Every structure is written in structure tokens, then in C-alpha cells.
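Subject: The structure you asked about

Hi there,

Here is the structure for you to open alongside this message. Below it I have written up what turned up when I went through it.

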Amino acid sequence: MPRDNDDPTVTARRLFEEALAAYGAGGPQRALDLLREALEVAEDGDQELRDRIFCNACSVALELGDRSCASSSELKRILMRTREPETAYLASYNAARRYELDRDLHHALFYAGIARDRAVHAERHDWLGYSYNLIANLQLADSDFGGACLHYELALEQMSSDPGVERALILDNLGYCRFVQGRHHEGFSLLFECLRTLRRFGAERFEARPRLSLSYGYLEAGRHDRALRHGERCLVLAEHHDDEETIKNAHFLLGEIHSQLGEEVPARRHFDWLQRRYCPEAPHLTDLLLAVDVCNLI
């Protein structure tokens, strides 16, 4: 691999800048490849630069669903030794995301709190918005809907009021929480604003989850026809974009909608898919799902 004047720091910086440019151009996988290349070069160079590259590589890898780069122990070591505000923020934020993926909500919330504090200290509204959103996601996973709503609202306050994909995704989660709280009118308003924004930006790959939320909201409101329409559209989009978690939840929800309508054949088809995919050793699972309300499993 050619290096700039055989200086590992210069080469690593060049690769790092190329990676940032690639990510900005919509190429996260190319960015990750360049960041990994930069890490190899930076082994012999500036430790602070290597830490920054590592944290950025973790961010992109986690976005792509790859946990192999994001070592929580290494991130914690970086957090302890770095003096750079951005590196400290990224280290704590990525540690929280890593623990979130491992379903360790206690440690995830701890490091998300550190990320929030680092953002406040650095006076970075964007970092603070991301931190509040992460805290809200963790509270949502823990069924703390009141806390999640509070932090989603705080995240929105820190972001530009201009519509964008990141803002739209927060609106989706906040809308779902409003449905759970029985505040259906607010939930529908937030979800439709989310979908309008995603369409405006051509971000179809993000549409599946707000469709799932809308399907859930309409089911809660007793509008089975609309719940079914959004649920079916959600499943098509999730399958097209290989979003396994949303595919699973769509089958749960569609099975419940058909079950409530008394349509056992399509309900059984969705629950059979879940049984074969996730519990092949439990052939009676379909009958159990037909007998209970599965909305609380989503």
C-alpha cells in the first residue's frame, strides 16, 4: 500500500479524509473500508489520530450492522485517555450503541449519559440531539414511554426545524410512543409528517418502520382496513431492504390484524412464518399466537 512520504500519520490522515468524503457522498461501506485501511497505517503513528479514526469506524460499522469493529473495552479505554472532545463523545456514544445492540440497557444508558454530558460541555447541539435520541431509544426499549417522549422532544429541540431524514426518524418513534399512551391524534400527525419528509428526500429504505407504527396505531384505533394496508406495505419495504427486525414485527402485527378480523387462514400464515423462522422446535406456537394478543410483542 503506497504511503505519503512513508509517514504513517500523513497517510492515515489522507485516508481518514477520503473516508469522510465517501461517507458524505452516501457510501458508508466504502467509508468503512477506508477507515479500516487508515487504522492499519495509524498503528505506527499518532495515538490521538488512531483513536479518532477507530471511533469513526465504529460509528459507520454499527450503522451497517457490523459489531466486529466496535469493541466496548477499546472504546472505554479511549474515553479514559483522550483529550479531544469529539473523540470522547464518539467513544461514549458508540459504547452506548454497542451495549444497546447487546441488550444491556443499564450500561447503554450509562454511556449515553456520558455522551450527553460531553455534548453539553462541548456546546454541540447536534451531538446533544443525537444523545437525547439515543437515551429515548433505550427508554423505549425498556418500555419507559414517558421518559422516551421527553427525550425525543428534547432531541427535536436541538435539531434544525428544517425537515430531514434524521428528524423524520425521531418523529416516527415519538409517534409510536403517543399511540402507546393513547394519544392517537398526535401519533397520526407525527407519523404522517415523518412519511412526507421521507418521501421528499427519496428515503424509501426508512419508510418501513413508520408504516409499522401507523399499522399499530390504526389497529389500536380499531381501523383494521388501514392497519392492514400499512402493515402490508411495511412488509414489502422491509423485505426489499432486508430489515429483519421490521419483517418479524410486521408478521406479528399482520397476524394479529387478521386474527382480530376472524380471518384465521392469513393470520395462521403470518404466525407460521414466525414459528418456522424463530422457533422451529415449537410446532404449537402458531396456535398460541392465535389465542393471545401479540401487540405487546412488537
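**Around D66**

Leaving aside neighbours within four places in sequence, D66 is in contact with L32, R36 and A61. With R36 the link is a polar contact of 2.7 Å between the two side chains. D66 sits in the loop between helix 3 and helix 4 (72-81). With a relative accessible area of 22%, D66 counts as partly exposed. If you want a distance across the model, the C-alpha atoms of D66 and C194 are separated by 27 Å, and these two residues are 128 apart along the chain.

Please keep in mind that this is a predicted model.

**The chain as a whole**

The chain has 15 helices and 0 strands. Its C-alpha trace spans about 70 × 40 × 35 Å along the principal axes. Of its 298 residues, 48% count as buried. Taking contacts between residues at least 6 apart in sequence, 52% join residues at least 24 apart.

In soluble globular proteins, nonpolar side chains tend to be buried together. Here the largest nonpolar core has 86 residues, and I53 and Y152 are those with the most contacts inside it. Another core, of 5 residues, lies apart from it; F252, F271, L274 and L289 are among its members. Which residues does I53 touch, leaving aside its neighbours within four places in sequence? They are A12, F16, L35, A38, L39 and A42.

**Helix 1**

An α-helix has 3.6 residues a turn, so residues three or four places apart point the same way.

After helix 1 comes G26, with a positive phi near 90°.

**Helix 9**

Helix 9 (residues 165-180) passes the length check too: its 16 residues should span 22 Å at 1.5 Å a residue, and its end C-alpha atoms are 23 Å apart, which agrees. Its buried residues are R167, A168, I170, L171, D172, L174, G175, Y176, C177, R178 and F179. What do the buried residues of helix 9 pack against? They meet helix 7 (125-141), helix 8 (145-158), helix 10 (184-200) and helix 11 (208-220). Helix 9 is followed by G182, whose phi is positive, near 80°.

**Cysteines**

A disulfide is a covalent bond between the sulfur atoms of two cysteines. For C149, the closest cysteine sulfur belongs to C177 and is 4.3 Å away, so the pair is too far apart for a bond, given that a disulfide needs sulfur atoms within 2.5 Å. C149 is buried, at 3% relative accessibility, whereas C279 is partly exposed, with a relative accessible area of 25%.

H258 belongs to helix 13 (residues 244-260). Is H258 buried or exposed? At 6% relative accessibility, H258 counts as buried. Its side chain makes a polar contact of 2.6 Å with the side chain of E263. Besides E263, the contacts of H258 beyond four places in sequence include L228, P266, A267 and H270.

R97 is found in helix 5 (residues 85-101). R97 also counts as buried, at 18% relative accessibility, which is under the 20% cut-off. Not counting residues up to four places away in sequence, R97 touches L62 and L134.

Happy browsing, and do write back with questions.

Best wishes

Technical notes: Residues are numbered from 1 along each chain as its sequence is written. Side-chain values use heavy atoms; hydrogens and water are left out. Buried means under 20% relative accessible area, exposed over 50%, partly exposed in between (1.4 Å probe, protein chains only). A nonpolar core is a set of buried Ala, Val, Leu, Ile, Met, Phe, Trp, Tyr and Cys residues joined through side-chain atoms within 4.5 Å. Contact means heavy atoms within 4.5 Å. Helices (H or I, at least four residues) and strands (E, at least two) are DSSP runs, numbered from the N terminus. A polar contact is a pair of N or O atoms within 3.5 Å; within protein, one must be able to donate a hydrogen and the other to accept it, and residues adjacent in sequence count only if both atoms are side-chain atoms. The expected span of a helix is 1.5 Å times one less than its number of residues.
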